[in-house]
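Subject: Structure handover

Hello,

Here is the structure I promised to pass on. Please open it alongside this email; my notes follow below.

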Amino acid sequence: MSPKDINILLYIAKKAEGIDYYTLFKVLYFAEQLHLSTYGDCILDDEFHALPYGPVPTAMYDDIKQLKNLSERGIQGALSNFFAIEEETKISVLVQPDMDMLSESVIECIDESIEKNAHLGFTALKRKSHGPAWEAFHGKGVIPRQEIAKEVGASAEMLNYIQFTLDNRQPILR
């Protein structure tokens, strides 16, 4: 997981204390959707896959599952210095997020998504996240960023700009 994505997770888990990772992933999805459609750029370095219970940033999900599995066995993993898993699925922070890693637009979209989605239950989040982008790519893997933005009415110009930003992204150092 990139340092930016770690700090995004830290920010959400701190702001929405006691959040479970299913809800956290949906908060991220809707924040990504808002940021893409408003600013034409991604929040996460990770990509969303259309899994049975909705869109999930899969590399992040794999890292959280590994953290949970290792911590159950008393083993330290790559994320053990940042997070702890409590009550099977709840993520707690062990350090403060580096706010210099998060832009104002990212914080704005995450905060809005937390406000609109963190209080929703599993069924409501599943229903809300099973939109046209998820339906079109369920069982096929990655949901293209343009499809995520199109779902909330991004204009053709914005969709072209999203493609431009994706084509010109710098490789992520992990």
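Lys65 and Asp62 both sit in helix α3 (residues 58-72). They are 3 residues apart, about one turn of the helix. Their side chains form a salt bridge, with the closest N and O atoms 3.6 Å apart. Both ends are partly exposed: Lys65 has a relative accessible area of 33%, and Asp62 comes to 43%.

Please keep in mind that this is a predicted model. The mean pLDDT of the chain is 91. Of its residues, 97% reach 70 or more. Among the elements, α3 has the lowest mean pLDDT, at 84. The highest, 97, belongs to α4. Where pLDDT is low, the predicted coordinates should not be read in detail.

**Other salt bridges**

The structure holds 8 salt bridges. One of them joins Asp45 and Lys4, at 4.0 Å from N to O. This pair links distant parts of the chain, 41 residues apart. Asp45 is in the loop between α2 (21-39) and β1 (48-51). Lys4 is in helix α1 (residues 3-15). Asp45 has a relative accessibility of 14%, so it counts as buried. Lys4 is at 21% and therefore counts as partly exposed. The cut-off for buried is under 20%.

Another salt bridge pairs Lys116 with Glu112, at 2.8 Å from N to O. Both residues belong to helix α4 (residues 104-117). They are 4 residues apart, so about one helical turn separates them. Lys116 is partly exposed, with a relative accessible area of 47%. Glu112 is also partly exposed, at 29%.

**Aromatic pairs**

How many aromatic pairs are there? The count comes to 9. Tyr22 and Phe122 make a tilted pair. Their centres are 4.5 Å apart, with 40 degrees between the planes. This pair also links distant parts of the chain: Tyr22 is in helix α2 and Phe122 in helix α5 (residues 122-129), 100 residues apart. Tyr22 is buried, with a relative accessible area of 15%. Phe122 is partly exposed, at 42%.

Phe25 and Tyr61 form an edge-to-face pair. The distance is 5.6 Å centre to centre, and the angle between the planes is 85 degrees. Phe25 lies in helix α2 and Tyr61 in helix α3, so the pair ties together parts that are 36 residues apart in sequence. Phe25 is buried, at 2% relative accessibility. Tyr61 is partly exposed, at 24%.

Lys128 lies over the face of Phe30, at 4.8 Å from the ring centre.

**The nonpolar core**

Which residues touch the most other members of the largest nonpolar core? They are Ile12, Leu24, Leu28 and Ile110, out of 48 residues in that core. Helix α2 gives the largest share of this core, 10 residues. In soluble globular proteins, nonpolar side chains tend to be buried together.

Leu24 touches Leu9, Ile12, Ala13, Ile19 and Ile91. That list leaves out residues up to four places away in sequence.

**Ala149**

Is Ala149 buried or exposed? It is buried, with a relative accessible area of 0%. Its place is in helix α7 (residues 145-150). Beyond residues up to four places away in sequence, Ala149 touches Leu36, Ser37, Ala154, Leu159 and Ile162. Ala149 and Thr89 are 60 residues apart in sequence and 28 Å apart in space, C-alpha to C-alpha.

**Where to look**

- Leu24 with its contacts, including Ile12 and Ile91.

Best wishes

Methods: Residues are numbered from 1 along each chain as its sequence is written. This is a predicted model: local features need pLDDT of at least 70, side-chain atom pairs count only at pLDDT 80 or more; totals for chains, interfaces and linings use all residues. Side-chain values use heavy atoms; hydrogens and water are left out. Helices (H or I, at least four residues) and strands (E, at least two) are DSSP runs, numbered from the N terminus. Buried means under 20% relative accessible area, exposed over 50%, partly exposed in between (1.4 Å probe, protein chains only). Contact means heavy atoms within 4.5 Å. Rings of Phe, Tyr and Trp (its six-membered ring) pair if their centres lie within 6.5 Å; planes under 30 degrees apart count as stacked, over 60 as edge-to-face and the rest as tilted. A charge sits over a ring if NZ of Lys or CZ of Arg is within 6 Å of the ring centre and within 35 degrees of the ring normal. pLDDT is the predictor's confidence in each residue, from 0 to 100. A nonpolar core is a set of buried Ala, Val, Leu, Ile, Met, Phe, Trp, Tyr and Cys residues joined through side-chain atoms within 4.5 Å.
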